[in-house]
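The following note sets out points for a colleague who has the sequence and coordinates at hand.

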Amino acid sequence: MKDVYILAIETSCDETSMAIVKNGHEVVALTILTQMDTHAMFGGVVPEIASRMHAENITIVLEDTLKKANMQVSDVDAIAVSYKPGLLGSLLVGIEFAKTLSYVYDKPLIGVNHLIGHIYANNIDDRLEYPLLALVISGGHTELAIMKDDYDFELLGSTLDDAIGEAFDKVARVIGYPYPGGPNIERAALNGNNSYPLPKPVDDDTYNFSYSGLKSQVINLVNNEKMRGHEIRKEDLACSFQTVAVDELCRKLSLALDKTGIKYVVIAGGVSANKYLRNEIGKICDKFNAKLYIPRFLYCTDNAAMIGAAAYPLFLKKEFKDFSLNAESHGDLV
Amino acid sequence: MKTLYIDTHLFDIDIILFENKRIIARKTVENERYNSIYLVSSLKEVCPDKEFDEIVVINGPGSFTGVRLGVTIAKTLAYTLNKPIKTLSYFDLMNYSSDDSNHIFAISDGNGYYIGEYDQHLLVKDYYYLNNNEYNIFKESNIIETDVVVDFNKVLEQLESVDSVNPHLVKPIYIKLIGVEK
């Protein structure tokens, strides 16, 4: 069969990224232009600024990607773009850009769910085997699902309130660590002990998660200690929070592995970059003799390579979009 | 000489293909807040063969998203098809289209007005933004024009002396400050 090259575009949040991916598995070129330093000045992503920077940089990122691949847009077989979930203004820049390329070069347009993109990040250096358990953990999502085949999901459970990444960021702010909160909590926790008693979030037999209670516990604890004039042991609190937050994921994953007998696990989403979490989930998978897929660190955070990987099965099924494709702020697995 | 004109500075879409200053194809979509779903299909309707010699895009001021998407499409076309691109503000259009020489133009975005002040067809100071209350006070002591019928003959004539720009550097003009800038 002829090789399939997909030019993929990712602008759902604060990274302008493009990639050319061959046959859904091989990254021919990848460019990621992050705006993190700019948003860090404001303590978090400012949507309007993110959209502005995408629009400013989009043709420059294209030029860079093509140069790395030594290819032209006319050489690719399709244009893929993430269209949900994400910041609407940011997504729209990538979507209209993708449509324009599709118009200029008469290439089919593929719309990719960014979240599913994170799962297919695991298909880049490795090959996904089904059925698998997919644990999607990011600033906007905490979902556990069975993936029976390409794009065939059965949702087991999801967060009832905050996403895990959101909880990391909010707790970081309360303890006093700058944006981005997740990596700073992780770093601090390395030097701390799990010495603050925090309750388990959803201690039941469902596959649902909850992080707002845990977050509130940390906020209350910080406020109470301040009122009493006690110093917070920041690193210990970061460690205690991270331990409980990750333990929640591990318990639900153990439950699912035990009940379904599934032998493959994927963790995906920005929070999967957390090394403590990877380690703990690795132990669970070892216990159940299941294979754990973890994307390379480069493919953990937002990037267009995973969008190209996730677009490939859609290309084979000829699931193309027309120019009325719109951005959507929400987008679950199912 | 074919000129592709793209204007999405507010909630309308206006895409025109001129040949030797005559309109040969035009697509307008009016008052559509979610106009992005019509943008590239309108472009394809106006210019199915992608044959034109230059692009002119209205780079603002107006709706942030509207301007940004028009500019994104225009710079992508210019870059990929290797065509010269020129930018005009909507105030330039109003100024070129007016006969009298002294003007204050205003463009409403629903929450307030962008203002462009001209004397002898020359811009007196940088564009600025007034909220509705400030505008109502301003209006009492100034004659302001909000509706100018665009005279494309005059605009295209003026366009000849406008330099084209590197597509990578084409940017919207926003003017109005956002929360974190205040």
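What is the order of the 5 strands in the open sheet of chain B?

1. The model is predicted, and the points below should be read accordingly. In chain B, the strands of the open sheet follow the order E3-E2-E1-E4-E5, and their pairing is mixed. E3 (22–29) and E5 (85–88) of chain B are the edge strands; each has a single partner strand, so one side of each has no neighbour in the sheet. From one strand to the next, the twist averages 15°.

2. Strand E2 of chain B, residues 13–19, pairs with E3(B) in the antiparallel sense, and 7 bridges connect the two. B:Glu19 has B:Arg22 in E3(B) as its bridge partner.

3. The sheet of chain B also carries a helix. Helix H2 of chain B, residues 64–81, lies across strands E1 (2–7), E4 (54–58) and E5 of that chain. Relative to E4(B), H2 of chain B runs at about 165°.

4. Chain A is divided by the domain assignment into domain 1, covering 5–121 + 299–316, and domain 2, covering 128–294. The C-alpha centres of domain 1 and domain 2 of chain A are 27 Å apart. Their contact draws 13 residues from domain 1 of chain A and 16 residues from domain 2 of chain A. On the domain 1 side, helix H1 (36–40) and helix H4 (114–120) of chain A each supply at least two residues. That side of domain 1 of chain A comprises 8 nonpolar and 5 polar residues, with no charged residues.

5. How do two helices of chain A pack, and at what angle? Helix H2 (residues 47–69) and helix H3 (residues 88–105) of chain A pack at about 20°, their axes being 7 Å apart. H2(A) and H3(A) are therefore roughly parallel to each other, and the crossing of H2(A) past H3(A) is right-handed. Among the residues of H2(A) that meet H3(A) are A:His54, A:Ala55 and A:Ile58; those of H3(A) include A:Val93, A:Gly94 and A:Phe97. By class, the residues of this helix contact are 6 nonpolar, 5 polar and 1 charged.

6. Which helices of chain A supply at least two residues each to the side that touches chain B? Across the chain contact, 23 residues of chain A meet 28 residues of chain B. H2 and H3 of chain A each supply at least two residues of the chain A side, and H3(A) gives the most, with 10 residues. The chain A side divides into 13 nonpolar, 6 polar and 4 charged residues.

Notes: Residues numbered from 1 in each chain as written. Chains lettered and ligands numbered in written order. Predicted model: local features only at pLDDT ≥ 70, side-chain atom pairs only at ≥ 80, totals over all residues. Axes fitted to C-alpha atoms, helices over the stretch in contact; angles between N-to-C directions. Helix = DSSP H or I, 4+ residues; strand = E, 2+ residues; numbered from the N terminus. Parallel < 35°, antiparallel > 145°, perpendicular 65-115°, else oblique. Left-handed = near helix turned anticlockwise from the far one by under 90°. Contact = placed C-beta atoms within 7 Å. Nonpolar A, V, L, I, M, F, W, Y, C, P; charged D, E, K, R; others polar. Domains from an automatic or database assignment. Pairing = 2+ DSSP bridges.
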